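Take a look at the chain, then read on.

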Amino acid sequence: MPASPSTARAINDRLALRLLQQEGPLTAGQLKQLTGLSRPTVADLVERLTAAGLIDVVGEWGEQRRGPNAKLYGIVADQAHLAALDVRTEGVSVVVADLLGRVLAEASVPIGGETGTGPAVEQAVALVERTAKEAGVAGLHTVAIGAPGLIDPATGELRDSGGLPAWHRRLVLALQERLPETGVHVENETNLAALAEQRDGVARDRDTFVLLWLGHGTGAAVVLDGVLRRGASGGTGEIGFLPVPGTAGLPSAVDCAGGFHALAGSAGIVRLAQECGLAVAESGGGDGDFGEGGRGGAGLVRGAVGAADVVRRAVAAAGPGSEVAGAGEESRFLDVLADRLAVGVASVVAVLDPGCVVLGGEVGQAGGTELAARVERSVRRMSPLATEVRAGVLGGEAVLRGALLTARDRAQDALFAPRQPAVQQSPVRGLPRAD
């Protein structure tokens, strides 16, 4: 059936707003060219969106040509303000941004393991409120949270997880109570890292890929045909529990210490470096294994830093043309590490055949193209399925970046949504959704 006039107007408005978000300020003529709409139709939608406070004149275009300059229209960035949180085992990082994703303020706070649930939640909520105040923001429209653990695909809620701090789940509820007018959304941090690498990082040309998170722990995010896959219980990507050769035992339902996590988690990487005769800097603790919630891969930052540091130094020593003494040990360490990682990658490839695997997290970024190339060669020996292995470029920052992208998309979905009648919209490529 042809769209009604009101439905057509809503579709046109949404299209124009998306173009302004993607391309930046545009003239009415440029909107006409990009949308294919008639000049009167574009004039009408510009008038509607301006009256609604969603767009405004932000400048002029055409100073070098004859005649009056054309008005440039842009999205009103302070129409809504956003907050993104990266919730780790020992702390929280926050950024506050405008509707276009421009960061206005950012801060972080450590939360020690001895801190009780109530005080930990209060510290995190107070950090959000304080950062918003520093940004000059009176209220937040949308908050997106990246956290370790499983997200219930039916409710979008963070599930209880015995291996993770209780304050993580309480934080989501506390923010919903303290900010009742704010939309609060939570997503697994590895999924957010995949979103960030796809939108702003190394996977921008891929609709199908797997991100292997290598930080304190291990995890995977699966994107197939532009859609994030969660599985029946939200557990797609719990690769830390994958039974693999070379560990002391098998994983259990509550402990991934015997699974792939034992080979590729920060503690296993540090031990491997020591076995290869490499010096390992003190990481400040945090190298112990953890139980359920293995895909809470970002986990403890300090342990990930220790593993990333030794990988980074090994790459620098073993790189092409390097004359650093001891490069043989560094190269052997990288080869063994690549073989370990390839076990997990080959398992994923055998089931999903994604064609591309991104090594994300602090360790993946530290290994760079050198480690990625070694993993790719090792996978090629194990699997007949052609698989490109890429190094993530966003590292640990990918979680916060993915949370900010999600907050921005959620806010724009709400603000740009058709009024009446409702129109089913196509999902944004790669956007994780909890509903």
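Q: Which side chain meets Asp200 in a salt bridge?
A: In this predicted model, the side chain of Asp200 comes within salt-bridge range of an arginine, at 2.5 Å from N to O. Asp200 lies in helix α6 and its partner in helix α12, so the pair ties together parts that are 201 residues apart in sequence. The partner is Arg401.

Q: Is Asp200 buried, partly exposed or exposed?
A: Buried means under 20% relative accessible area, and exposed means over 50%. Asp200 has 31% relative accessibility. Therefore Asp200 counts as partly exposed.

Q: How many residues apart in sequence are the parts tied together by Glu122 and Arg178?
A: The side chains of Glu122 and Arg178 meet in a salt bridge of 2.7 Å, N to O. Glu122 lies in helix α4 (residues 117-134), and Arg178 lies in helix α5 (residues 166-178). The parts they tie together are 56 residues apart.

Q: Is Asp13 buried or exposed?
A: Asp13 forms a salt bridge with Arg48, at 2.8 Å from N to O. Asp13 has a relative accessible area of 14%, and the cut-off for burial is under 20%. So Asp13 is buried.

Q: How many salt bridges does a search of the whole structure find?
A: Some salt bridges join up: Arg14, Arg18 and Asp413 are linked in a network. Another salt bridge pairs Asp200 with Arg401. The search of the whole structure finds 19.

Q: How many residues of strand β9 are buried?
A: Strand β9 covers residues 218-224. The strand is mostly covered. Of its 7 residues, the buried ones number 6.

Q: Which residue in β9 is the bridge partner of Leu212?
A: Strands β8 and β9 run antiparallel, joined by 6 bridges. They form a hairpin with 3 residues between them. The partner of Leu212 is Ala220.

Q: Which residue in the turn between β9 and β10 has a positive phi?
A: β9 and β10 run antiparallel, joined by 3 bridges. Val222 stands opposite Arg229 in β10. The hairpin has 2 residues between its strands, and the phi in question is about 55 degrees. The residue is Asp225.

Q: Where is the kink in α11 centred?
A: A straight helix of 22 residues would span 32 Å, but α11 (residues 361-382) spans only 24 Å between its end C-alpha atoms. There is a kink of about 100 degrees in α11. The kink is centred on Gly368.

Technical notes
Residues numbered from 1 in each chain as written. Predicted model: local features only at pLDDT ≥ 70, side-chain atom pairs only at ≥ 80, totals over all residues. Heavy atoms only, no water. Helix = DSSP H or I, 4+ residues; strand = E, 2+ residues; numbered from the N terminus. Expected span 1.5 Å × (residues − 1). Bend = angle between axes of the 7 residues up to and from the residue. Buried < 20%, exposed > 50% of the residue type's maximum accessible area, 1.4 Å probe, protein only. Pairing = 2+ DSSP bridges. Salt bridge = Lys/Arg side-chain N within 4 Å of Asp/Glu carboxyl O.
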